[in-house]
Amino acid sequence: MPAEPGALALPELDVPAVTSRRALRLPRFPLAVIGLFVLAAVVAPLLGLPDPHAQSLRDRFKPPGWEAAGSWKHPLGTDRLGRDLLSRIVWGSRVSLAAGVVTVLVASAFGAAVGLTAGYYGGRVDAVLMRVTDATMSFPVILLALILAVTVGPSFTNVVTAIAVILWARYARVIRGQVLTLVQLDFVAQARIAGAGAWRIITRHLLPNTFGTLLVLVTLQIGYVIIVEASLSFLGAGIPPPTPAWGSMIAEGRDVVTRAWWVSLFPGLAILLVVLAFNLLGDWLRDTFDPKLRQL
Amino acid sequence: MSRPPASRPVIDVRDLRTHIVTRWGTVKAVDGVSFTVDEGETLGLVGESGSGKSMTCLSLLRLVPRPAARILGGEVRLDGEDLLTKSEAEMRAIRGRRIAMILQDPMSSLNPVFSIGMQLREPIALYHRLRGPALAARAAELLAAVRIPSPVERLRAFPHQLSGGMRQRVVGAMAIAAPPRLLIADEPTTSLDLTIQSQYLGLLEELQERHRLALVFVTHNLGIVARICDRVAVMYAGRIVEMGPVRRLFTRPAHPYSRALLESIPRLGRRTGRLTAIEGQPPDLARLPAGCAFAPRCPSVMERCRVEAPPETVVEAGHVTRCWLETPGIAAPAAGAPPA
């Protein structure tokens, strides 16, 4: 290339535009789905839907509104007791979302505490706490919930307890791993040099550095908890009837799935949509804020 | 740089011993180290990696990595109080307030999730019980003291928005927040480039002057020692093998190891022969030889060196070494006729 004196010969590179706008593009589908379900759950009483508990044996197994035999009075049809499915799904979202959020919050708080303690103190404390964590992780959630349901009786509290009692171990593991690398960093040493004690270092220096991971894990786990809660309700060990819960709704339609497919299908779709949305949101959070967490 | 002897040194370390238990044996990381630093004085601590410099500093703060490392004995007197007999709670009140330390890596010595202001306000609030606008003003004042331009705006910045030199200044600001009596700087300029390094050293000198700090400066850069230290202690295998005023030690080193260290640095404008490297390997600290630890690499090694470790000998007032060559009564073969 004949270079003129003083002129810089720059190769023309196809440089992609600054990625900040692209990176922060919000995931529309997950946010829309989650927003819709959360909104519906919150304002359920104001939607003017039929009472989810109101039975009408004359209207049992009505197909969705667009079917020939259906009516728009029940847009998604009715179940074996003539209860409106749309209304039950909306009210059921309260149970599912509440179970998901409450369980995950309880589990993450406890798991993070264990992980921070194990990672910070290391040595014997770490060994003991991590063996307890391993033991916990090897215990099946469904089995524990069934035991609780049989001995204490099924209830919302028992579902949350059963799942949280197992789920915290995931948080403990991940947070402990992160703390192990964090405590090697100089700012922790610098905090010690400045006279900070264990409590101060854990709460003021280590915990805030794990918030990103916690947020990702919490989001991913909400979907998982919703599935577990639905499975438990399906098995009759979850939220007891007549409270509408997606899992028990699927169970109710199980025997009639050839004649009245809508009874099981719509609550199933609700689970699918919400869990998918939470997983996609979690993936997005992870990719955006902490791409190093691929293994989660 | 001679000073009238102060009534009492800020820090007085006597026979400090810190051992580390490893899979390969017990490492005597700090093995009978003694030194003092006066108010406004700078002691340089030099030596190879693993010679026990950092472990000595951590021992002063009682922050050696537990449970592997243990401070086994000695005294660490800060203004006359022995720190080794203090409780952990008492030590926490001393750390930061009376002894501060600056670590090597400015990239990781600030918490990435908090702004500079939040991190700077924390120690000030702790040491001085300040709140609100007074606290914010003091934080800005400290940033200004370490020559950070537009300090009020910088308080809102996060560590990743600052350069390495800037971050190390912020760490410096946190270290003088109290201000402490003793400041330990553990190779604070190693990861900075040369101009920034020079500025930072100037800043340290200025801060020391203003607060009359006793400063312990850990480095393996002898050029820095020559520039800012009053006295220098050379460490080898957990011991101080020679200690004395910088000028004296640089012109007339008594210990063969110090001599070798000085001969291995290039000097501008002096056309000497080849730079000499120190023969052999740094010692395996878990398996030290019986006598002097430097004996296997020493060019003037004698029989006695391999059998018995040399005691501390005064070469001249304020200049001590641990070498049989300088021990009175043990005449070195080169120095004169041995007593029959």
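In chain B of this predicted model, a hairpin of two residues links β1(B) to β2(B), where strands, like helices, are DSSP runs numbered from the N terminus (E, at least two residues, for strands; H or I, at least four, for helices). Strand β1 (residues 11-22) and strand β2 (residues 25-37) of chain B run antiparallel and are joined by ten bridges, and B:R17 has B:D31 as its bridge partner in β2(B). Strand β1(B) is also joined by eight bridges to strand β4 (residues 69-78) of chain B, again in an antiparallel arrangement, with B:I71 of β4(B) as the bridge partner of B:T18. Two strands are taken to pair if DSSP finds at least two bridges between them.

Residues are numbered from 1 along each chain as its sequence is written, while chains are lettered from A and ligands numbered from 1 in the order in which they are written. Since the model is predicted, local features need pLDDT of at least 70 and side-chain atom pairs count only at pLDDT 80 or more, whereas totals for chains, interfaces and linings use all residues.

Chain B also holds an open sheet of eight strands with mixed pairing, in the order β6-β7-β8-β3-β9-β10-β12-β11. Its edge strands are β6 (99-102) and β11 (313-316) of chain B, each of which pairs on one side only, and the twist from one strand to the next averages 20 degrees. Within this sheet, strand β3 (residues 42-46) of chain B runs parallel to strand β8 (residues 214-218) of chain B and is joined to it by four bridges; the bridge partner of B:L45 in β8(B) is B:V218. Helix α6 (residues 164-175) of chain B packs on the sheet by touching β6 and β7 (182-186) of chain B, and the direction of the helix makes about 175 degrees with that of β6(B). Such angles run from 0 to 180 degrees between N-to-C directions, with axes fitted as lines to C-alpha atoms, for helices over the stretch in contact. Helix α10 (residues 256-263) of chain B packs on the sheet as well, touching β9 (231-236) and β10 (239-245) of chain B, with a direction at about 105 degrees to that of β9(B).

Helix α10 of chain B includes B:R259, which counts as partly exposed because it has 18 C-beta neighbours inside 10 Å. A residue is buried if 20 or more other C-beta atoms, placed from the backbone, lie within 10 Å of its own, exposed if 12 or fewer do, and partly exposed in between.

The loop between α6 and β7 of chain B contains B:P179, and the peptide bond from B:A178 to B:P179 is cis, with omega near -10 degrees. In the loop between β4 and β5 (81-82) of chain B lies B:D79, which has a positive phi of about 50 degrees although it is not a glycine. The loop between α7 (194-211) and β8 of chain B holds B:R212, another residue that is not a glycine but has a positive phi, of about 55 degrees. Most residues other than glycine have a negative phi, and most peptide bonds are trans. B:D79 is partly exposed because 14 other C-beta atoms lie within 10 Å, and B:R212 is partly exposed because it has 13 such neighbours inside 10 Å.

The largest nonpolar core has 167 residues, and those with the most contacts inside it are B:M101, B:A173, B:L182, B:V216 and B:V234. A core of this kind is a set of buried Ala, Val, Leu, Ile, Met, Phe, Trp, Tyr and Cys residues joined through C-beta atoms within 7 Å. The largest share of the core, 16 residues, comes from α8(A). Leaving aside neighbours within four places in sequence, the contacts of B:L182 include B:V10, B:I99 and B:V216, a contact being a pair of residues whose C-beta atoms, placed from the backbone, lie within 7 Å.

Chain A has ten helices and zero strands, and buried residues make up 42% of its 296 residues. The mean pLDDT of chain A is 82, with 89% of its residues at 70 or more; pLDDT is the predictor's confidence in each residue, from 0 to 100. Among the elements of chain A, helix α1 (residues 20-23) has the lowest mean pLDDT (49) and helix α4 (residues 123-137) the highest (92).

Between the chains, 14 residues of chain A are in contact with 21 residues of chain B. On the side of chain A that touches chain B, α7 (186-193) and α8 (198-235) of chain A each supply at least two residues, and α7(A) gives the most, with six.

Definitions and conventions: Contact = placed C-beta atoms within 7 Å.
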